[in-house]
Amino acid sequence: MCKARGVGLDLCAVTRMEALTEHESFLQKYFNEEERQYIRSRGKAAGETMAGIYAAKEAFLKAVGVGIVLPLKDVGVIHTEQGQPCYCLQGKAAAFGRNEDFLLSISHDGGVAAAVCIWNP
C-alpha cells in the first residue's frame with residue numbers, strides 16, 4: 001500500500017521557457033550545470049525540456065509543502081539512459097529525503113509541460 005506523504009503538480013508554458021533559453025542568468029539561477037547541459041543538448045526541443053524540468057522543480061516544492069524557499073538549483077532533475085526523469089536532490093532539498101523517496105513524471109503536449117511529484121518516504 002502506498003502511503004504518500006505529499007503530491008505536487010505543476011504546469012509550465014513551453015513558450016515562456018523558449019523565450020528564456022538564451023538568458024544565461026536565468027539558466028544559472030534555476031538550473032544546475034548538468035541540467036543546463038541537458039537542456040542545450042536537446043536542440044529545438046530545449047524550451048520544451050526546460051519547461052518540463054522547471055515544472056518538476058515546482059512540483060517537488062508542492063509535494064513537500066513549501067513555497068519557493070529552497071534554491072531551485074538544489075532540486076535537480078536528471079534522466080536515466082531510458083529517458084525516465086528522476087530527482088537528484090542536493091543542498092537544502094536533500095533534507096526532505098533520499099532521491100528514491102520521490103517519484104517524478106513529466107509530460108509535454110499542446111505547448112504545456114506538466115510534472116507530477118509523489119513524495120513516498
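**Core, salt bridges and surface patch of the predicted model**

Leaving aside neighbours within four places in sequence, Y54 is in contact (heavy atoms within 4.5 Å) with C12, R16, M17, F26, Y30, F31 and L72. The structure is a predicted model, in which local features need pLDDT of at least 70 and side-chain atom pairs count only at pLDDT 80 or more, whereas totals for chains, interfaces and linings use all residues. Residues are numbered from 1 along each chain as its sequence is written, and side-chain values use heavy atoms, with hydrogens and water left out.

Y54 also belongs, with F31, F60, Y87 and F102, to the residues that touch the most other members of the largest nonpolar core, which holds 34 residues. Such a core is a set of buried Ala, Val, Leu, Ile, Met, Phe, Trp, Tyr and Cys residues joined through side-chain atoms within 4.5 Å, where buried denotes under 20% relative accessible area, exposed over 50%, and partly exposed the range in between (1.4 Å probe, protein chains only). At least two residues of this core come from each of helix 1, helix 2, helix 4 (46–64), strand 2 (75–79), strand 3 (85–89), strand 4 (102–109) and strand 5, with helix 4 giving the largest share, twelve residues. Helices (H or I, at least four residues) and strands (E, at least two) are DSSP runs numbered from the N terminus.

Seven salt bridges are found in the whole structure, each defined as a side-chain nitrogen of Lys or Arg within 4 Å of a carboxyl oxygen of Asp or Glu. One of them joins R36 and E24 at 4.0 Å, N to O; R36 lies in helix 3 (residues 33–41) and E24 in helix 2, so the pair ties together parts that are twelve residues apart in sequence. R36 is buried at 9% relative accessibility, while E24 is partly exposed at 33%. E24 also meets R40 in a salt bridge of 2.8 Å, N to O, and this pair links helix 3 with helix 2 across 16 residues. A network of salt bridges links E24, E33, R36 and R40.

On the surface, V7, L9, L11, V112 and V116 form a nonpolar patch with about 420 Å² of accessible area together (Shrake-Rupley method, 1.4 Å probe, only the protein chains shown counting as cover for residues). Patch residues have over 30% relative accessible area and no salt bridge, with like charges joined within 9 Å and nonpolar side chains (Val, Leu, Ile, Met, Phe, Trp, Tyr) within 5 Å. Strand 1 gives the most to this patch, with three residues.
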